[in-house]
Amino acid sequence: MVSRVPTGIPGLDELIGGGLVQKSTTIVEGGPGSGKSIFCMQFLVAGLLQGESCLFISFEETTEHVLQDLRDFPWDLQKSVDSGKLQVTYYTPEQVNQLLETGGGLIHDQLEGMNARRLVIDSLTAFSLLYPRELERRRALFSLFEAVRRWGCTSLMTLESDPEREERRALSTEFEADSVILLYNQKREHLRERSLEVLKMRGSAHTNRILPMKITSSGILVYPKESVF
Amino acid sequence: MEDFWQGQVAIVLLVLPREQYHERLRDVVSAVAARGEKVCYVTLNRSYAKVREEISAAGGAVGQFFFLDTATPFGSRAPEDCILVGDAHALTELGLAVTSAIEERGCSIALFDAVSTLQVYHPANVVLMFVHATITKLRGHGTKGLLIMVPEQRDSPLVKDVAMFSDRVMDFTVG
């Protein structure tokens, strides 16, 4: 029996066998403004509501900016930070690279100290930019994924890409992850419509439909019974 | 139409001639209003405010209607009895609004005024997909559907296709 972790995204868990496989790694991929950070924080909030400790690692924004960007949602993140249940930590990619070279000890210690069950890394793209050469990038990402697996949390990692582009090819990072969720923000004449796709999910029978998605004042909603036109 | 009101016939396609559209539509809306059921009025041609005004002027019980409006642009304040979809291009959004009208507002009849207007914004196959999906949704919820079409010409292919998914066709363009 596989243990599953609720995503906290209404409408999604019923489409992926009840939630993410515990301790799995998931890439949340999409273009700018597609809702990746909201998705990831909403996932952490689901853990906080169950009394779990959670860690959000940002490679692009400071802790203050992360909390400020998400302040309009009814999650009271500052309260969770003040209680120590949620830690939002900013590392430059160079710092993480150094950490990985030494086995990722500091992050592991942080996770262990908190007894964290859920981890978000935002974003893999910022991390990848350290490595202009493809081979180095692959090795570094492989090391990062290995470390994340060792750390033993159920993990989400964001990746910036445009999933709609015809010439899109599967990114090497997608092969490393257990699951890949794509967030679309498609242009339809003069408006945009959001949708979500579960591209891959190891160990789970998942839907292959592209589903309507909204970002509301309460967070992201997925509509499992509706269609995208 | 008694079998429609009793729920034995679920989906009726009403094909109205262009020159009689307003007159026939008034009759349809009056008949619907007289039933006392909660109606989801999907207005694709005119603003909900205009439709509301006309129903009220004709003595209809406006409170029976819940409106989905694709004609009024985004940015306007949404009233209590309306979802402003804001754009007829937004079929996904319109689909979500239909579900909301049925599940959250208790609408037992959905009236589409008019399905043919969607062809201005979408290719015929997309309109047909949307209509088919919507009819399936209505049937699944036990909601009755009145689909109004005002074709440019008789024997319109879209009318024929929508007719396939309907339980009954009432064609006012003939005879």
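**Entry 1: an asparagine in a loop**

I began with A:Asn115, which sits in the loop between α5 (105-114) and β6 of chain A. For such labels, helices (H or I, at least four residues) and strands (E, at least two) are DSSP runs, numbered from the N terminus. I noted that this is a predicted model, where local features need pLDDT of at least 70, side-chain atom pairs count only at pLDDT 80 or more, and totals for chains, interfaces and linings use all residues. Residues are numbered from 1 along each chain as its sequence is written, while chains are lettered from A and ligands numbered from 1 in the order in which they are written.

Is A:Asn115 buried or exposed? A:Asn115 counts as exposed because it has 8 C-beta neighbours inside 10 Å. The cut-offs I used: a residue is buried if 20 or more other C-beta atoms lie within 10 Å of its own, exposed if 12 or fewer, and partly exposed in between, with C-beta atoms placed from the backbone. I also looked up phi of A:Asn115, which is near 55 degrees, a positive value in a residue other than glycine.

A:Lys23 is not a glycine, yet its phi is positive, at about 70 degrees. I found A:Lys23 in the loop between β2 and β3 (25-30) of chain A. A:Lys23 counts as partly exposed because it has 16 C-beta neighbours inside 10 Å.

Then I turned to peptide bonds. The bond joining A:Asp122 and A:Ser123 is cis, with omega about 15 degrees. A:Ser123 belongs to the loop between β6 (116-122) and α6 (124-128) of chain A. In chain B, the peptide bond from B:Asp113 to B:Ala114 is cis too, with omega near 0 degrees. B:Ala114 lies in the loop between β5 and α5 (124-141) of chain B.

**Entry 2: a glycine and its neighbours**

I looked for A:Gly8 and found it in the loop between β1 (4-5) and β2 (20-21) of chain A. A:Gly8 counts as buried because it has 22 C-beta neighbours inside 10 Å. Which residues does A:Gly8 touch, not counting residues up to four places away in sequence? They are A:Gln42, A:Phe43, A:Val45 and A:Ala46. By touching I mean contact: the C-beta atoms of the two residues, placed from the backbone, lie within 7 Å. I also checked A:Leu44: A:Gly8 and A:Leu44 are 36 residues apart in sequence and 8.0 Å apart in space, C-alpha to C-alpha.

**Entry 3: the cores**

A nonpolar core is a set of buried Ala, Val, Leu, Ile, Met, Phe, Trp, Tyr and Cys residues joined through C-beta atoms within 7 Å. The largest one has 54 residues, and A:Cys40, A:Leu44, A:Phe56 and A:Val120 touch the most other members. Helix α1 (residues 36-49) of chain A gives the most to this core, with 8 residues. There is also a second, separate core of 52 residues, which includes B:Val29, B:Tyr48, B:Ala101 and B:Cys107.

I followed up A:Phe56. Leaving out residues up to four places away in sequence, A:Phe56 touches A:Met41, A:Leu44, A:Val66, A:Val88, A:Val120 and A:Asp122.

**Entry 4: the sheet of chain B**

How many strands form the open sheet of chain B? There are 7, in the order β4-β3-β2-β5-β6-β1-β7, and the pairing is parallel. Two strands pair if DSSP finds at least two bridges between them. At the edges, β4 (82-84) and β7 (168-171) of chain B each pair on one side only.

I zoomed in on β6 of chain B. Strand β1 (residues 11-15) is joined to β6 (residues 144-149) by 5 bridges, and the two run parallel. Here B:Val12 stands opposite B:Leu146, and B:Val15 stands opposite B:Met149. On β5(B), B:Leu111 stands opposite B:Leu146, and 5 bridges join β5(B) to β6(B). Since 6 of the 6 residues of β6(B) are buried, so β6(B) is largely enclosed by the rest of the structure. B:Lys144, B:Leu146 and B:Ile148 point one way from the strand, and B:Gly145, B:Leu147 and B:Met149 the other way.

**Entry 5: where the chains meet**

Last, I looked at the two chains together. In this model, 10 residues of chain A are in contact with 12 residues of chain B. The model scores ipTM 0.86 and pTM 0.90.
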